Amino acid sequence: MNENTIVVLVSGRGTNLQALIDATQSGYIPGRISLVISDTPGAYALVRAQKASIPTVVLDYHSFSEKKEYESKLLEILEKEHPAVICLAGYMRIIGKMILTRFPQQILNIHPSLLPAFPGLDAQKQALEYGVKISGCTVHFVNEGMDTGPIILQAAVAVKDFDTVETLSESILQYEHKIYPEAVKLFLEQKLQIIGRTVKIKE
Ligand code: GRF
């Protein structure tokens with residue numbers, strides 16, 4: 001394993017990637033991002049990586065005839081990179097079994113709700129439609145399910161009466177940018193202990 005290296009998987013604008021870049025550059029996270037992989041050509045996250053002189057790879061999902069083929073290529077790149085941790089940051093695909101088996105308890109994700117409420121797509125819209133008064137965000141380990149892995153950190157955000165999907169997403173995002181770097185820091189400091197589906201944080 002390449003000690004304290006982080007690979008980030010993205011699909012879009014990459015504000016969480018930016019938070020991770022900033023936290024590695026400031027020394028808050030004791031590690032470095034060695035590679036950013038995007039399944040989407042033209043994702044703005046790629047520009048952020050390039051600005052920070054981080055190598056990038058584009059694996060255009062739609063150029064593969066089958067998901068299995070895409071995953072094999074992704075696995076090949078990840079194995080070569082051999083990171084300590086893989087961070088999904090607005091990565092819009094489910095991680096397949098092949099990759100999960102190869103990197104057990106080494107893949108983290110950030111989700112914009114207080115899991116187990118509102119997993120999957122459009123979590124903020126789901127929260128507004130349900131009428132909850134508190135939502136938030138969750139960093140968790142990735143398992144075979146959809147946003148069901150052991151929870152590392154959460155932050156709560158009050159839903160305001162006249163919040164829209166946009167305003168609520170923006171409020172939650174501010175907290176995503178805090179707890180994702182914090183979770184990666186704890187991971188690299190080897191302070192996370194998974195017991196069943198509970199994550200204990202060592203002193
Ligand atoms: C974030 O809200 C994250 O929680 C979700 O997708 C969004 C990605 O935003 N998984 P960004 O690309 O990090 O700006």
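What lies 2.6 Å from an oxygen atom of the ligand, and in which residue? A polar side-chain atom of R13 does. Before going on: this is a predicted model, where local features need pLDDT of at least 70, side-chain atom pairs count only at pLDDT 80 or more, and totals for chains, interfaces and linings use all residues. Residues are numbered from 1 along each chain as its sequence is written, and side-chain values use heavy atoms, with hydrogens and water left out.

Back to the ligand. In T15, a side-chain N or O atom is 2.6 Å from a ligand oxygen. G14 uses its backbone instead, with an N or O atom 2.9 Å from an oxygen atom of the ligand. For a polar contact, the cut-off is a pair of N or O atoms within 3.5 Å. On its own the ligand exposes 360 Å², and the protein buries 86% of that; these areas are from the Shrake-Rupley method with a 1.4 Å probe.

Which residues surround the ligand? They are R13, G14, T15, N16, G90, I110, H111, P112 and E176, where near means a heavy atom within 4 Å. By class, that shell has 2 nonpolar, 5 polar and 2 charged residues, with Gly counted as polar and Pro as nonpolar. Helix 1 (15-25) and strand 5 (107-111) are the elements that give two or more residues to the shell. Helices here are DSSP runs of H or I with at least four residues, and strands are runs of E with at least two.

Now the backbone. Most residues other than glycine have a negative phi, and most peptide bonds are trans. L115 and P116 are joined by a cis peptide bond, with omega about 15°. P116 is in the loop between strand 5 and helix 5 (123-130). That loop between strand 5 and helix 5 also holds D122, whose phi is positive, near 55°.

Last, helix 6, residues 165-188. Its 24 residues reach 33 Å from first C-alpha to last, close to the 34 Å expected at 1.5 Å a residue; the expected span is 1.5 Å times one less than the number of residues. Helix 6 is followed by Q190, a non-glycine with a positive phi of about 55°. Q190 sits in the loop between helix 6 and strand 8 (192-195).

Notes. Polar contact = N/O pair within 3.5 Å; in protein donor to acceptor, adjacent residues only side chain to side chain.
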